[in-house]
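Subject: A structure for you to explore

Hi,

Here is the structure I promised to pass on to you. Have a look around it first, and then read my notes below with the model open beside you.

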Amino acid sequence: MTFASLGLSDALTRAVAELGYDEPTPVQRAAIPVVLRGGDVQASAKTGSGKTAAFLLPLLEALRARPGGSVRPVRAFILVPTRELAAQIVEAVQQYGRHLKKPLKTCLAVGGVSANPQMLALRGGADIVVATPGRALDLVEQNALRLGQVETLVLDEADRLFSLGFADELNRLLALLPARRQNLLFSATFPPAVRTLAERLLQEPTRINVDEGE
Ligand code: ADP
Ligand code: MG
């Protein structure tokens with residue numbers, strides 16, 4: 001099994017080869033084709049199983065294949081529980097996307113640092129925003145972040161979004177997204193709060209659970 005056989009184009013397969021990824025992990029094998037065809041995904045797999053690339057690689061492929069206009073509305077919104085995780089995802093976008101002919105613009109929207117540089121960066125348009133809930137809402141209220149044209153929502157480490165107490169912020173953000181969109185929900189575990197969210201959020205999702213037998 002190769003990354004190319006999952007439907008990823010040369011720019012992306014080359015980047016992962018350079019990172020030393022010999023073949024896709026089980027969660028990547030299961031998720032990448034579904035994400036590429038626009039389907040919703042609910043995936044649980046233990047820490048270290050490669051969930052980031054499972055959603056980022058097909059997301060980058062889809063954004064590459066359907067270039068946006070010059071206005072650059074936010075098309076992919078990735079919501080995570082911590083700023084460390086957000087920074088890791090932005091770094092992964094840069095690594096996986098390094099050979100794309102038309103670079104995708106990614107903005108961070110996380111707390112703990114001044115909002116001004118983030119507002120400035122967003123003003124120039126962004127294809128992808130990686131955010132923590134509180135700062136995302138702040139930036140929406142400042143009119144710096146607009147979520148009305150988001151095509152794909154990713155919730156990564158969804159269990160920790162709840163255990164860290166972000167349920168309210170999450171609900172307020174979900175209300176700002178267009179009703180018609182792709183939803184990708186990744187989590188190490190699926191406690192009741194995440195299950196309830198998944199039922200509410202996902203449209204005919206493909207359910208992936210690769211923890212057994214690994
Ligand atoms: P998770 O989110 O499931 O905890 P990560 O996405 O953070 O896992 O990936 C864990 C590590 O595995 C990272 O260092 C990543 O670069 C690496 N990795 C991801 N996919 C592959 C692959 N197909 N082959 C080798 N290493 C990989
Ligand atoms: Mg992860």
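This is a predicted model: local features need pLDDT of at least 70, side-chain atom pairs count only at pLDDT 80 or more; totals for chains, interfaces and linings use all residues.

Glu157 counts as partly exposed, because its relative accessibility is 23%, and residues under 20% are the ones called buried. You will find Glu157 in the loop between E5 and H7. Its backbone deserves a look too: phi of Glu157 is near 50°, a positive value in a residue other than glycine. As background, most residues other than glycine have a negative phi.

Glu204 also has a positive phi, in this case near 40°. This residue sits in the loop between H9 and strand E7 (206-209). Glu204 is exposed, as its relative accessible area is 78%.

**The ligand**

Next, please turn to ligand 1. Around it are 13 residues, and the closest are Tyr21, Glu23, Gln28, Gly48 and Thr52. Sorted by class, this shell holds three nonpolar, seven polar and three charged residues.

On its own, ligand 1 has 570 Å² of accessible area, and the protein covers 66% of that.

While you are in this part of the chain, look at Thr47, in the loop between E1 and helix H3 (51-65). Thr47 counts as exposed, with 70% relative accessibility. From Thr47 to Ile78 there are 31 residues in sequence, and the two C-alpha atoms are 18 Å apart in space.

**Two helices with a buried side**

Now for helix H9, which runs over residues 192-201. Which of its residues are buried? They are Val194, Leu197, Ala198 and Leu201. These residues lie on the same side of H9, because they cover an arc of only 100° around the axis. The other side of the helix has Pro192, Glu199 and Arg200, which are exposed. The cover over the buried residues of H9 includes strands E1 (41-44), E5 (152-155) and E6 (182-187), along with helices H7 (158-163) and H8 (167-174).

H8 can be read in a similar way. Its residues Leu170, Leu173 and Leu174 are buried. They sit on the same side of H8, since the arc they cover around the axis is only 100°. The elements that the buried residues of H8 pack against are strand E2 (76-79), helix H6 (133-141), E5, H7 and H9.

**A buried serine**

One last stop is Ser44, in strand E1. Is Ser44 buried or exposed? It is buried, with a relative accessible area of 9%. Leaving aside residues up to four places away in sequence, Ser44 touches Ser187, Ala188, Phe190, Ile208, Asn209 and Val210.

Enjoy looking through it, and write back with any questions.

Best wishes

Technical notes
Residues are numbered from 1 along each chain as its sequence is written. Chains are lettered from A and ligands numbered from 1 in the order in which they are written. Side-chain values use heavy atoms; hydrogens and water are left out. A residue is near a molecule or strand if one of its heavy atoms lies within 4 Å of it. Accessible areas come from the Shrake-Rupley method with a 1.4 Å probe; for residues, only the protein chains shown count as cover. Ala, Val, Leu, Ile, Met, Phe, Trp, Tyr, Cys and Pro count as nonpolar, Asp, Glu, Lys and Arg as charged, and the others, Gly among them, as polar. Buried means under 20% relative accessible area, exposed over 50%, partly exposed in between (1.4 Å probe, protein chains only). Helices (H or I, at least four residues) and strands (E, at least two) are DSSP runs, numbered from the N terminus. The arc is that of the directions from the helix axis to the C-beta atoms. Contact means heavy atoms within 4.5 Å.
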